Amino acid sequence: MATIEECRAALEKLSDNMAGAEGHVSEATALDRSVSCHVKDLDVTFVGRMRDGRIEVHDTLQGPPPQKAQIRLAMAGDDLVALVGGELNFAKAWGSGRVKLEAGFRDLLQLRKLL
């Protein structure tokens, strides 16, 4: 089971990957939205903001997110680490229910470029 530190490191790596994106993927990273990532097996939520092509984690909270972020992810810690590490395909994980992504319709259209 991934630790809180490993999950935070995975989110930082995702942010670095987004900052280096080019083309259509870069367009998707240009969103300015509140984000949350609930790591279900640790019952911890990372909350922050997606802005300027990066994800800024502002806080780590115990339990599910207290407020509804504009972009919401939920998954197990091992899945988060595997997704960012390229070992788990997002579409397959999302389709099987291992990963949950919730956002407004327009945001989902943009985010699909990232995934």
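Helices here are DSSP runs of at least four residues, numbered from the N terminus.

**View 1. Helix H3 and the glycine that follows it in the predicted model.** Helix H3 spans residues 77-84. Because 6 of its 8 residues are buried, helix H3 is largely enclosed by the rest of the structure. These buried positions are Gly77, Asp79, Leu80, Ala82, Leu83 and Val84. Just after H3, glycine 86 adopts a positive phi of about 80°.

**View 2. The largest nonpolar core.** This core comprises 27 residues, of which Cys7, Met50, Ile71, Leu80 and Leu111 touch the most other members. Two or more residues are contributed by each of the helices H1, H3 and H4 and by each of the strands S1, S2 (44-51), S4 and S5 (100-103). In soluble globular proteins, nonpolar side chains tend to be buried together.

**View 3. The contacts of isoleucine 71.** Leaving aside residues up to four places away in sequence, isoleucine 71 touches Leu31, Arg33, Ser34, Val35, Ser36 and Met50, and also Leu101, Glu102, Ala103, Asp107 and Leu111.

**View 4. Aspartate 107, a buried residue of helix H5.** Helix H5 covers residues 105-111 and contains aspartate 107. Aspartate 107 has a relative accessibility of 8% and therefore counts as buried, the cut-off being under 20%. With residues up to four places away in sequence not counted, aspartate 107 touches Leu31, Arg33, Gln70 and Ile71.

Key: Residues are numbered from 1 along each chain as its sequence is written. This is a predicted model: local features need pLDDT of at least 70, side-chain atom pairs count only at pLDDT 80 or more; totals for chains, interfaces and linings use all residues. Side-chain values use heavy atoms; hydrogens and water are left out. Buried means under 20% relative accessible area, exposed over 50%, partly exposed in between (1.4 Å probe, protein chains only). A nonpolar core is a set of buried Ala, Val, Leu, Ile, Met, Phe, Trp, Tyr and Cys residues joined through side-chain atoms within 4.5 Å. Contact means heavy atoms within 4.5 Å.
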